[in-house]
Amino acid sequence: NTLKEALKDKFLIGTAVNTQQASGKDKAGAEVIRKQFSAIVAENCMKSQEIHPEENRYNFTQADEFVTFGEKNNQTVTGHTLIWHTQLSRWFCVDKDGKNVSPEILKKRMKDHITTVVKRYKGRLKGWDVVNEAFEDNGEYRKTKFYEILGEEYIPLAFQYAHEADPNAELYYNDYSMALPGRRAAVVKLVKDLKKRGIRIDAIGMQGHVGMDYPKISEFEKSMLAFAETGVKVMITELDLTVIPSPNPNVGAEVSASFEYNKEMNPYPKELPAEVAKAWTARMNDFFRLFLKHQDIITRVTLWGVADHNSWRNDWPMNGRTDYPLLFDRNYQPKPIVDLIIKEA
Ligand code: XIL
């Protein structure tokens with residue numbers, strides 16, 4: 001049995017896909033994705049830096065490959081991401097001297113970018129992460145270039161441009177640490193404002209880069225319910241569970257789930273201590289129980305990668321870590337959690 005079979009009537013089960021996998025160069029990876037997952041999202045190849053490296057030059061090669069890969073596998077394909085301050089093309093918000101462009105110019109650039117990219121895959125993608133990570137932990141607007149130049153209005157504008165480019169595409173707002181009360185309130189307010197203005201938004205993406213010690217599951221659940229309350233669907237979009245405690249003091253640690261962390265263990269040894277692996281399985285299982293409990297509001301749960309060696313968390317927030325955040329091990333073999341999820345689905 002497979003994840004996508006077991007979860008078929010519950011929600012889509014997805015993974016981020018890298019270019020090696022989408023191109024088939026990573027054969028083993030491509031095969032697990034085809035077999036186990038019903039949805040895919042682009043890990044990097046659709047970010048502005050990759051797909052639109054210069055104002056007058058797009059690079060669609062990898063994104064085309066990614067979309068074709070999903071179609072061949074009969075998977076639901078999501079685009080990630082149109083407007084984000086990270087992995088942002090250098091030219092996007094500034095002129096040749098590095099000075100911020102005017103509001104008019106930035107609006108035009110946003111519109112050109114969004115229209116070109118969204119139209120290219122029109123009818124082939126289920127939806128887009130339109131804006132990514134616009135808020136700080138405390139709910140203030142993140143002071144990105146987009147915000148500096150256009151203020152709060154850059155968000156509704158991005159959604160409007162995306163909707164005009166593909167009226168049938170679903171549109172999502174996506175962010176991390178969504179269990180924090182400040183960000184929760186800000187996102188609820190954003191969605192209500194968009195809806196009041198008649199601007200399309202279909203779902204909120206809760207990234208779900210979680211740890212053993214954060215967030216509290218009850219706080220995560222509170223956010224899921226608060227988001228659903230606004231009338232949109234909820235998606236878990238970038239799930240991974242690190243074994244290494246967060247350096248962010250804001251995260252709201254769930255002390256009961258933590259274990260002794262010793263800096264000497266960084267990078268972790270090749271083998272994860274058995275008791276940590278066991279605690280990891282239990283915690284990941286708790287999250288999946290939460291998702292199954294709320295399957296009426298959750299449309300998709302996407303892991304941020306297939307196997308541990310795919311994960312960005314090996315190198316973030318410090319280089320050279322060895323982490324164990326995903327459902328498959330470094331040989332693309334399913335961990336015990338996979339059977340557990342299948343059994344409890
Ligand atoms: C990460 C990728 O996984 C890495 O390969 C890349 O180097 C940096 O970005 N939030 C997001 C994702 O929305 O796009 C990020 O992906 C992880 C955090």
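The entries below follow what I looked up.

**Ground rules.** I am working with a predicted model, in which local features need pLDDT of at least 70, side-chain atom pairs count only at pLDDT 80 or more, and totals for chains, interfaces and linings use all residues. I number residues from 1 along each chain as its sequence is written.

**Core.** I began with the largest nonpolar core, which has 96 residues. A nonpolar core here is a set of buried Ala, Val, Leu, Ile, Met, Phe, Trp, Tyr and Cys residues joined through C-beta atoms within 7 Å. I call a residue buried if 20 or more other C-beta atoms lie within 10 Å of its own, exposed if 12 or fewer, and partly exposed in between, with C-beta atoms placed from the backbone. V130, A158, A162 and I204 have the most contacts inside this core. Helix α8 (residues 154–165) gives the core its largest share, 8 residues. Helices (H or I, at least four residues) and strands (E, at least two) are DSSP runs, numbered from the N terminus.

I then asked which residues A158 is in contact with, leaving aside neighbours within four places in sequence. They are L82, I83, M110, I114, V130 and V131; contact means that the C-beta atoms, placed from the backbone, lie within 7 Å.

**Ligand.** Around the ligand I found E43, N44, N132, Q207, E238 and W312, where a residue counts if its C-beta atom, placed from the backbone, lies within 6 Å of the molecule. This shell divides into 1 nonpolar, 3 polar and 2 charged residues. For these classes, Ala, Val, Leu, Ile, Met, Phe, Trp, Tyr, Cys and Pro count as nonpolar, Asp, Glu, Lys and Arg as charged, and the others, Gly among them, as polar.

**Strand β5.** D175 is in strand β5 (residues 170–175). Is D175 buried or exposed? D175 is buried, because 24 other C-beta atoms lie within 10 Å. Not counting residues up to four places away in sequence, D175 touches E133, A134, F135, R183, V187 and Q207.

I followed E133 next and found it in the loop between β4 (127–132) and α7 (145–150). E133 has a positive phi of about 60 degrees although it is not a glycine. E133 counts as buried because it has 20 C-beta neighbours inside 10 Å.

**Helix pair.** The axes of α9 (residues 181–196) and α10 (residues 217–229) come within 9 Å and cross at roughly 10 degrees. The two helices are therefore roughly parallel to each other, as angles under 35 degrees count as such. R184, V187 and V188 of α9 meet S223, A226 and F227 of α10.

I noted a cis peptide bond between H80 and T81, with omega about 0 degrees; T81 is in strand β3 (residues 76–83). Another cis peptide bond joins Y214 and P215, with omega about -10 degrees, and P215 is in the loop between β7 (209–211) and α10. Q87 is not a glycine, yet has a positive phi of about 45 degrees. Q87 is in the loop between β3 and α6 (103–120), and is partly exposed because 13 other C-beta atoms lie within 10 Å.

**Last look.** I ended at E71, in helix α5 (residues 61–72). E71 is exposed, with 11 other C-beta atoms within 10 Å.

Conventions. Two residues are in contact if their C-beta atoms, placed from the backbone, lie within 7 Å. Axes are lines fitted to C-alpha atoms, for helices over the stretch in contact, and angles run from 0 to 180 degrees between N-to-C directions. Angles under 35 degrees count as roughly parallel, over 145 as roughly antiparallel, 65 to 115 as roughly perpendicular and the rest as oblique.
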